[in-house]
Structures are given as C-alpha cells and as structure tokens.
Amino acid sequence: MRLTQAFFPTLKEAPTEAEVVSHSLMVRAGLIRRLAAGVYIMLPLGLRVQKKVEAIVREEMDRAGGQEVLLPVLLPAELWRETGRWEEYGKELMRLQDRHERDFCLGPTHEEVITDLIRREIRSYRSLPLTLYQIQTKFRDEIRPRFGVMRGREFTMKDAYSFDRDDKGAEESYHRMYDAYTRIFTRCGLQFSSVEADPGIIGGSFSHEFMVLADTGEEAIVGCGGCHYAANVEKTPFSTGASAEETGPKVAELEKVFTPNLKTAEEVAAYLKSDLHDLAKTLIYQADGNLWAVMIPGDCQVNQLKLKNSLGAADLSMADPETTERVTGAPVGFAGPIGLKDIPIVADHTLSDRENLIVGANEADHHYRGAKPGRDFEVREYTDLRLARTGDPCPRCGKPLALRRGIEVGHIFKLGTKYSQTLGATFLDAQGQERLSIMGCYGIGIGRTIAAAIEQNHDERGIIWPMPLAPYQVVIIPVNTEEPSVMKTAEDLYARLQGEGLETLLDDRDERAGVKFKDAELIGIPLQVIVGVRNLKAGKIEIKRRRDGATSLASLEEVLTAVLQIVKEPLPS
Ligand code: ATP
Ligand code: MG
C-alpha cells in the first residue's frame with residue numbers, strides 16, 4: 001500500500017475519553033474511530049490487525065477439530081425465555097421488537113441458539129463429539145463501556161461450543177480448547193497466563209480465563225512461584241485456621257471503649273494499640289433485597305463474588321449509609337455484631353475460633369474489645385469471604401502468593417448439562433438410551449486481544465506490533481523524495497518485497513523524513529527499510545527494527561534476504 005493512497009488518519013492528540021494507552025493509541029494510530037459509547041468503526045489498519053488475529057484463531061480452532069458456522073445476531077426471545085436468561089441476563093441484553101411486537105435480542109453469547117440447533121439436528125451418539133465455532137459480532141449493553149474496543153457494547157468474539165457423549169469426552173474437548181487457546185495467544189506473540197476462574201452467569205462446573213499480563217489490566221490474578229497455581233483473585237480460596245497471632249492486650253471480658261471520631265479500622269487499631277488483625281470489621285450488605293451484616297478481619301477486604309455466591313444472591317451491593325445507620329443505630333464506622341437485631345450475620349471462617357476481638361459497638365464513638373463469637377453474638381454462617389492479598393499462602397502448597405494484573409482475553413467453561421437439560425438436547429447412546437449431551441463453551445474477545453497486545457507492546461512513541469499481528473510487516477521510507485535515485489530504489493524495493501509476499505507499505509508522501517518516521521513508529525510497523533541519498537551512494541539500505549531501534553545496513557542485493565529473515569524470526573519467548 002502506498003501511503004499517498006492510504007486512509008490512515010493519524011492524530012497528534014489522544015482523545016479525551018481515553019483512560020488507557022491502548023485506547024489512545026488505537027485512535028491516534030488510525031485503527032478505530034468512535035461512533036457511540038462502546039461502538040467503534042474499524043478503519044483499514046485496525047481491520048488488518050483484526051483479520052490477523054482472526055486467522056490465527058481460525059487455524060487453531062480448525063486444528064482442534066472445530067467447524068466454523070455463522071449464527072444470527074438477531075435472536076428470538078422464546079429461546080431465551082426457555083432457559084430463563086431473558087430475565088436473568090438483565091440490562092446487559094440488548095432487546096428490541098419487530099413490527100409485530102415480537103421480542104428479540106441482539107446476541108450477547110450463543111448457548112441458546114447452538115443448543116437449539118443441536119437438539120433439532122443430532123439424534124445419535126455417532127454424530128458426537130462435535131465442536132462448532134463462529135467469529136461474530138456480539139452485543140452487550142455494558143454498564144460502563146470503556147477502554148475503547150476492550151469493553152465495547154458491540155464487539156467481535158470467537159465463540160465455540162462443544163457437545164460430547166459423556167463427561168470424559170467433555171473433559172477431552174475442554175483440554176483440546178485449553179491447548180488451542182495456549183497456541184493462539186502464543187502465536188499472537190503475547191505474554192499471558194491461564195488462571196482458574198469463576199464460571200459466573202454462564203454457569204458450569206469449571207473454567208479458566210486467559211489473561212494477557214499488563215499493569216493496566218482490570219483483573220487481579222494471583223500466582224504461586226512454588227507450585228504454578230494461578231487463579232483470578234476472586235476465585236482464590238483460603239484454608240481455615242490461617243489466622244495470625246493476636247497482638248493486642250488480652251481482654252477476657254467484653255469491654256466498651258471510647259473511640260472518639262475514629263471511623264476507620266486503622267485509626268481504631270492504632271488508638272487501642274492493637275494490630276489491624278485484632279479487629280473485625282462489620283459491613284452491611286444488601287443481597288436480593290435482604291440485609292446482611294458481613295464480618296471480616298480488619299486487615300482483609302471482602303471478596304464480593306465469594307459473598308454473593310455464598311448467599312446465593314443474584315444481586316449484591318453495599319448498603320447505603322442511611323440504611324447502615326438505620327439498622328445499626330450508629331453512624332457508619334461504628335457498626336458491630338453485638339446487639340444487632342433483625343439482620344443475620346455472615347462471617348469469614350477465620351473469625352470462628354477468635355476471641356479478644358475489637359468490634360464496633362453500634363453506638364457513635366464506641367467500640368467493644370474482648371468480643372467472642374458465639375458468646376457475645378451469634379453468627380448465622382461462617383464461610384470463606386476474604387479477598388486474596390500478596391503474601392497470602394497458596395491454597396495448594398502454602399507458599400506465598402504474588403499478585404499481578406491482567407486483561408481477560410479468553411474464557412473457557414465446562415458447562416456440563418446446564419443448557420442441554422433446559423433445552424432438551426438429547427441423543428440416543430449405543431444401547432438406545434436417551435442421554436443429555438455434555439457441553440463446553442469457549443470465548444475469545446478479538447478486539448480485546450488487539451487492545452491487550454498494545455497494552456503489552458508500546459512505548460512513548462506508539463505501538464510496537466508483535467510481528468504476527470502487525471497490519472504491515474515492513475514500511476519503506478524514502479528519505480529524500482526529491483531525489484530520483486532514492487524514489488526509484490524505493491519503488492523497486494517495494495515491488496520486490498511485495499513479490500516475496502511481504503506486507504509492505506511505501507511512504508511515498510512528499511513529507512519531511514521526521515514526519516514519516518513518527519508515523520511509522522506510531523502505527524508500530526515492526527521493520528523500517530530506509531532509503532537515503534548518502535547510504536544509497538555507497539550502495540546501502542538501512543534496516544531498522546521498531547522494538548529496540550536497532551539498525552543495520554544491507555546492500556541492495558542483500559536487503560530482501562535480510563528483511564525476510566527478520567520477518568520469519570521465531571518470537572521472543
Ligand atoms: P468480563 O468479565 O470482562 O465482562 P465476561 O466474563 O463477560 O468478561 P465472556 O462472556 O466470557 O466475558 O466472553 C468471552 C470473551 O469475550 C472475554 O474473555 C472477552 O475477551 C470478550 N469480551 C467480553 N465482554 C466484552 C466487551 N464488552 N467488549 C469486548 N470484549 C468482550
Ligand atoms: Mg461481562
């Protein structure tokens with residue numbers, strides 16, 4: 001492509017709404033443009049990168065035995081009513097009506113549609129196992145669309161679904177997909193980690209998330225150097241009995257103490273010359289309209305996902321300050337378990353064998369110390385509620401965990417019979433018995449993968465594409481456009497590189513060299529082939545790598561081989 005003919009609208013300034021570097025760079029480098037919140041136009045450069053990712057995904061899905069289909073975006077509500085998700089999915093589901101006032105939605109995911117297809121078409125065990133996939137636009141009315149294509153309301157996803165005769169087969173399908181995902185993100189040139197995850201609204205028996213490691217990631221993940229355990233922080237369990245030694249003065253009896261204006265756990269602990277861990281925080285939560293008091297050690301945070309799951313709640317949030325004051329009779333900061341009427345208490349399991357706890361007194365400016373669960377207050381349920389922290393013991397081997405951040409680019413689930421059951425997707429086994437097929441589902445965010453690649457590969461000048469994702473592999477930059485020999489050599493090289501199948505740009509614009517270099521760096525082309533008067537007089541061409549700026553000179557004859565060699569280099573591991 002000649003830059004004089006290209007539609008590559010680059011910008012000097014980042015858009016004001018860009019909170020992360022990938023969003024800013026995708027707009028500045030002319031990959032995307034915003035049409036509405038969470039809705040983006042893919043410009044030519046962006047689409048080329050998208051096609052690169054899609055090609056890798058397709059190859060690996062096919063290699064794993066998948067077959068590509070294309071399911072509609074416009075989906076009838078009846079199917080979603082059958083599984084209960086018409087109600088369950090809530091506001092994220094984009095709903096609409098046709099001219100006959102029949103309900104439809106724009107597909108956010110396709111379990112319903114694919115399971116319906118399979119229940120109509122598959123009769124016999126001989127047709128199983130089967131894995132179908134598609135690369136299709138999805139719609140989700142995200143509460144906070146942000147970060148450009150990373151969290152859009154309209155986005156491209158690869159989704160795959162497997163159907164097996166039995167559990168063993170389903171696990172094999174799951175592992176095949178796990179391996180395919182590992183190959184996909186490796187081939188994209190990304191640093192990633194696969195972690196154990198929570199199955200969430202899709203449900204099912206187990207799942208893994210594939211995280212591209214980047215400090216700007218929305219997800220917190222824990223990793224163990226000892227045994228290679230890795231999990232989403234939301235999922236990390238704790239064993240019981242891991243409570244630290246108590247450090248504060250021992251108080252056998254319950255004692256009310258004056259804690260004037262001390263609202264945070266840190267302030268109270270310092271004032272009472274105790275450790276944060278000697279304190280138990282009491283927080284008021286609302287779960288599906290019911291109030292709960294939630295107790296957690298003072299030095300820990302509540303893991304809201306664990307809380308939600310243990311209460312079996314669909315909807316969970318912290319109570320607002322007015323509600324907290326009404327049920328505790330005290331300003332926020334002084335809530336405690338003692339004398340709390342009407343609302344049940346759920347507590348982190350490490351609190352069950354504690355005594356000598358400092359807790360709020362449900363009275364302004366007062367706390368208790370010496371509190372003991374069971375004696376001074378009743379706990380309805382003990383369960384694991386803590387959010388993992390750096391240094392916590394690994395649940396597998398006990399070694400300290402480290403916390404990192406990541407971007408979830410892929411998610412795989414073993415679904416079991418959740419959808420085959422509700423939709424009646426059965427087949428006849430070898431004995432003529434009717435059985436439910438065992439399912440798995442597997443997603444990759446194509447746009448999010450592109451954004452994550454940029455989060456991981458950029459510098460202050462712009463994007464640094466890993467070679468497999470680069471929209472073009474090489475850009476030829478003639479430095480002195482007024483010089484006929486320079487332009488002729490550049491044109492010549494352009495034809496030769498293209499002849500070798502290299503994806504090549506020719507910056508034939510009548511611009512200063514500085515402008516050309518800036519643009520090439522912003523859009524992140526991995527290799528620059530620079531044609532300048534002085535080098536040309538010596539019969540040389542300069543080759544420069546975007547990633548480390550390393551340059552080398554090649555003769556006119558060598559340049560093609562040199563470029564080909566770099567393009568085909570194995571990825572740095
Ligand atoms: P998240 O927790 O980030 O909302 P999710 O659990 O809802 O993700 P899945 O339903 O598992 O996501 O979707 C599969 C993949 O689709 C995700 O791993 C992600 O890469 C991508 N994805 C999900 N939501 C979006 C979105 N709003 N914009 C872009 N990609 C998305
Ligand atoms: Mg989501």
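Helices (H or I, at least four residues) and strands (E, at least two) are DSSP runs, numbered from the N terminus. This is a predicted model, in which local features need pLDDT of at least 70, side-chain atom pairs count only at pLDDT 80 or more, and totals for chains, interfaces and linings use all residues. Residues are numbered from 1 along each chain as its sequence is written, chains are lettered from A and ligands numbered from 1 in the order in which they are written, and side-chain values use heavy atoms, with hydrogens and water left out.

**Figure 1. The whole chain.** Let us start with the overview: the chain holds 15 helices and 31 strands. Along the principal axes, its C-alpha atoms fill a box of roughly 95 × 70 × 50 Å. Of its 573 residues, 53% count as buried (under 20% relative accessible area, with exposed over 50% and partly exposed in between; 1.4 Å probe, protein chains only).

**Figure 2. Strand β19 and its two partners.** Here we visit β19 (residues 366-371), where 6 of the 6 residues are buried, so the strand is largely enclosed by the rest of the structure. Strand β13 (residues 255-258) runs antiparallel to β19 and is joined to it by 4 bridges; two strands pair if DSSP finds at least two bridges between them. On this side, H366 of β19 stands opposite F258. Strand β18 (residues 357-360) also pairs with β19 in the antiparallel sense, over 3 bridges, and G360 has H367 as its bridge partner.

**Figure 3. The hairpin of β30 and β31.** Strands β30 (residues 540-545) and β31 (residues 551-555) run antiparallel, joined by 5 bridges. Look for E542, whose bridge partner in β31 is L553. Between the two strands lie 5 residues, and G549 in the turn has a positive phi of about 70°.

**Figure 4. A patch of negative charge on the surface.** The patch gathers E482, E483, D510 and E511. Patches are made of residues with over 30% relative accessible area and no salt bridge, with like charges joined within 9 Å and nonpolar side chains (Val, Leu, Ile, Met, Phe, Trp, Tyr) within 5 Å. A salt bridge is a side-chain nitrogen of Lys or Arg within 4 Å of a carboxyl oxygen of Asp or Glu. E511 sits in the loop between β28 (504-506) and α13 (513-523), and is partly exposed at a relative accessible area of 36%.

**Figure 5. R496 in helix α12.** Helix α12 (residues 484-499) contains R496, which counts as partly exposed at 29% relative accessibility. Its C-alpha atom is separated by 77 Å from that of N261, 235 residues apart along the chain.

Conventions:
Accessible areas come from the Shrake-Rupley method with a 1.4 Å probe; for residues, only the protein chains shown count as cover. Lys and Arg count as positive and Asp and Glu as negative; His and the chain ends are not counted. The place of a charge is taken as NZ of Lys, CZ of Arg, CG of Asp or CD of Glu.
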